[in-house]
Amino acid sequence: MMPRNHRTLGLCPPGRCRLLFAVLLAGGSLGGGAAGAAAPPAAFMPGQVWLDTEGNPIDAHGGGVLQHRGVYYWYGEARGQLSRGAVACYSSTNLLDWKREGAVLPPSSLPRVNDRRTFVERPKVIFNPSTKKFVMWMHLEQGGYRFSRAGIALSDTPVGTFTFLEALRPIANTNDFASLASDPARQKEFGATFRDMNLFVDEDGRAYVFYSAEDNWTMYVVRLNAAFTGPELPAVENKTWAKILVRRMREGVAPFKHRGNYFLVTSACTGWTPNQADCAVADNILGPYRSLGNPCRGPDSDRTFGAQSTFVLPAPGSPGCFIFMADRWVSFNLSDSRYVWLPLEFDAEGTPIVPWREHWSLPLTGKSDPGK
Ligand code: DGJ
């Protein structure tokens, strides 16, 4: 897809581009500065305030993007005043200008469990062509991070409103999980935990959920049923689901596929504090996955540029290139957490790299200077 308008730096004549770069660098963010009009940016500006088409900061954290019939839908955690606690949705045709579609899963539709409220982290949405439903999966949680279940919600349209279906643990009571709990029953319970998650639809139309399980010690990948509303049953280890990145304590999983290989960008588990990313690869979606090391290149690359992986999206009009999406969390004011979207390309050895850019535009050429 070509960028829509002249504001995209990729279409500027060089002289005008230099001028615009200077404006961008001086202002930090087009539309975010006091003198500027409140407008979406002219280029991807990792870490800067990103305004929607109404001039409000985009509020969709830990999110993911669905492309459906030529439109991109960005779903994420609403942390700001407009719809705090909801799953927010924005739509765009160029990935830069995002229109707020509102709270597509309001907090009032989440279940109360044992008389305590639940909340959503890391919502993702996929479309099921058979049922024609938009299927949302999320990490459904309660204070203390012990509830740790998958939440599933459905809608007939990408912009909702989604109806909450159920909360579940896709793989129950893993038997051999040893946690810090001394009670064996509690050990089993923690073994089934479901926290940071992502969805992936393979080329054959089958969908998978990746998630941090076993109290975050090990990641699971589980094939979904035909409606995408739960695990494929009966669940058979290494056939319909698998333990991957075993005992490696990874989260923030962001899967993508390139030339028949499955890649997973993940973070370490350090709460809201940034840490070093890893990229793992396998030729089978159920693994085994082999670590390729840190894909990030440039300043602060050992802390994922101060951010944490959330999604990887094929870059439109840029064959073989992807967009790495991450959150620069602000733990004391989560609504001010910024988005770090960067090119994800492949080096000469075919290893994914994410080079730092102050600003960048589509399309990508796949010839980034790795900035090693
Ligand atoms: C890291 C996770 O990736 C986030 O989604 C969130 O759960 C924080 N931990 C909470 O500390």
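## Salt bridges in a predicted model

The side chains of Asp-336 and Arg-338 come together in a salt bridge, 3.3 Å from N to O. The term means that a side-chain nitrogen of Lys or Arg lies within 4 Å of a carboxyl oxygen of Asp or Glu. This is a predicted model, where local features need pLDDT of at least 70, side-chain atom pairs count only at pLDDT 80 or more, and totals for chains, interfaces and linings use all residues. Residues are numbered from 1 along each chain as its sequence is written, and side-chain values use heavy atoms, with hydrogens and water left out.

How many salt bridges does a search of the whole structure find? The search finds 17. Here are three of them:

| Pair | N to O distance |
|---|---|
| Asp-336 and Arg-338 | 3.3 Å |
| Asp-156 and Lys-133 | 2.7 Å |
| Lys-257 and Asp-202 | 2.8 Å |

Let's see where the other two pairs sit. Strands here are DSSP runs of E with at least two residues, numbered from the N terminus. Asp-156 and Lys-133 meet in a salt bridge. Asp-156 lies in the loop between β9 (149-155) and β10 (163-168) and Lys-133 in strand β8 (residues 133-141), so this pair ties together parts 23 residues apart in sequence.

Lys-257 forms its salt bridge with Asp-202. Lys-257 belongs to strand β15 (residues 250-258) and Asp-202 to the loop between β11 (197-201) and β12 (207-213), 55 residues apart.

Are Lys-257 and Asp-202 buried or exposed? Both are buried (buried means under 20% relative accessible area, exposed over 50%, partly exposed in between, with a 1.4 Å probe and protein chains only). Asp-156 is exposed at 54%, while Lys-133 is partly exposed at 28%.

Finally, Glu-141, Arg-146, Arg-195 and Asp-215 are joined in a network of salt bridges.

Definitions and conventions
Helix = DSSP H or I, 4+ residues; strand = E, 2+ residues; numbered from the N terminus.
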